[in-house]
Amino acid sequence: MSEQPILAGVIGDPIGHSKSPRLHGHWLSRYGIDGHYVPMRVAREDLKKVLRTLPKLGFSGVNVTIPHKEDVLKLADSVTDRAALIGAANTLTFTKKGKVQADNTDGVGFLANLKQHQPDWSAGAGPALVLGAGGAARAVVSVLLSDGAPEVIIANRTRARGETLQESMGARVKTADWAQISELLPQVSCLVNSTSLGMEGQPPLAIDLTGIRPTTLVTDLVYAPLRTEFLDQAAQLSCPTVDGLGMLLHQAAPGFERWFGQRPEVDEALRQAVLAP
Ligand code: NAP
């Protein structure tokens with residue numbers, strides 16, 4: 001036990017929906033750590049002041065969620081290469097001198113989730129098709145490339161946004177029109193929904209997956225609902241599927257380890273704790 005409880009948390013606006021307090025709370029009690037993980041609603045205009053104050057209050061670090069994920073990069077004292085490439089940070093660690101180190105663990109969380117549920121799969125197996133070009137898609141594309149994908153095709157409703165993402169990621173990345181998705185399906189080994197379609201309160205991702213190979217790994221970043229229509233359709237076509245909850249769980253692990261000094265396990269008990277009503 002440390003002399004004082006270790007403090008960490010999550011900053012965003014709004015913050016009430018965040019599952020991170022429950023997730024970190026589960027780990028804190030599981031490992032018997034004397035610490036607290038605090039949700040903090042932080043308005044945009046207060047972000048700079050808050051980042052200077054939290055280390056002085058004894059915080060070891062925080063997770064960052066909407067709308068601050070991009071803004072924190074400009075305020076951090078150091079930024080990891082992967083956070084710079086993605087253009088956003090979700091994990092901040094404070095040094096003893098109050099310096100802010102920004103990292104992005106969304107990509108490694110995405111990959112760890114796939115590897116946990118489909119251990120024989122690797123991005124090197126073939127081309128990947130990524131739907132969407134927002135912040136989450138940036139993390140997905142970067143980590144598919146670093147895991148050896150020979151080609152990553154981005155199909156986004158707004159093609160220009162996909163092209164901007166392509167330009168920052170290099171020669172193995174291509175873009176396609178949203179209308180081309182069906183014709184691309186037979187050639188890909190991995191299909192990722194990183195749009196917000198299918199999320200509770202949003203329209204479903206209405207794509208006909210006929211023509212997809214039954215070996216293609218299909219994954220959805222949406223985790224509410226846990227089983228989306230998109231994943232159900234893929235499963236009916238015999239494709240292996242992975243839901244998005246594991247990405248949320250795995251992206252949290254590096255921050256927990258840095259702040260609380262314990263490498264946490266992502267297991268069924270954690271999933272159930274986060275899913276509990
Ligand atoms: P974002 O930056 O707002 O991007 C949203 C994406 O969805 C854009 O590509 C947008 O296309 C597309 N989109 C929205 N409405 C659409 C429609 N009607 N038709 C076609 N495309 C549409 O959001 P984000 O941060 O990337 O997050 C995307 C999703 O990933 C969300 O559901 C989020 O909850 C989820 N996510 C999950 C995790 C996890 O841990 N599992 C982590 C991060 C994010 P345009 O560019 O054309 O607008």
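Predicted model: local features only at pLDDT ≥ 70, side-chain atom pairs only at ≥ 80, totals over all residues.
## The nonpolar cores

The largest nonpolar core of the model holds 26 residues, and those with the most contacts inside this core are Phe110, Trp121, Val130, Val141, Leu144 and Val152. Two or more residues each are given to this core by helix H5 (106–117), strand S7 (128–131), helix H6 (135–146), strand S8 (152–155), helix H7 (159–169) and strand S10 (190–193). The largest share comes from H6, which gives six residues.

If residues up to four places away in sequence are not counted, Val130 touches Ala137, Val140, Val141, Leu144, Val152, Ile153, Ile154, Ala155, Val192 and Ser194. Apart from this core there is a second, separate one of 20 residues, which includes Ile15, Phe256, Phe260 and Val266.

## Around the ligand

The ligand is surrounded by 21 residues, of which the closest are Ala136, Asn156, Arg157, Thr158 and Arg161.

How much of the ligand does the protein bury? Taken alone, the ligand exposes 930 Å², and the protein buries 77% of that area.

Most peptide bonds are trans, and most residues other than glycine have a negative phi. Against this background, two peptide bonds of the model deserve a careful look. Aspartate 13 and proline 14 are joined by a cis peptide bond with an omega of about 5°, and proline 14 has its place in the loop between strand S1 (6–12) and helix H1 (20–30). The peptide bond that leads from isoleucine 66 to proline 67 is also cis, with omega near 10°, and proline 67 is found in the loop between strand S3 (59–64) and helix H3 (71–75).

Serine 238 stands out by its phi, which is positive at about 75° although this residue is not a glycine. This serine 238 lies in the loop between helix H9 (229–236) and strand S12 (241–242). Is serine 238 buried or exposed? Serine 238 counts as exposed because its relative accessibility is 53%, and the cut-off for that word is over 50%.

Technical notes: Residues numbered from 1 in each chain as written. Heavy atoms only, no water. Core = buried A, V, L, I, M, F, W, Y, C linked by side-chain atoms within 4.5 Å. Buried < 20%, exposed > 50% of the residue type's maximum accessible area, 1.4 Å probe, protein only. Helix = DSSP H or I, 4+ residues; strand = E, 2+ residues; numbered from the N terminus. Contact = heavy atoms within 4.5 Å. Near = heavy atom within 4 Å. Areas by Shrake-Rupley, 256 points an atom, 1.4 Å probe, with all protein chains shown as cover.
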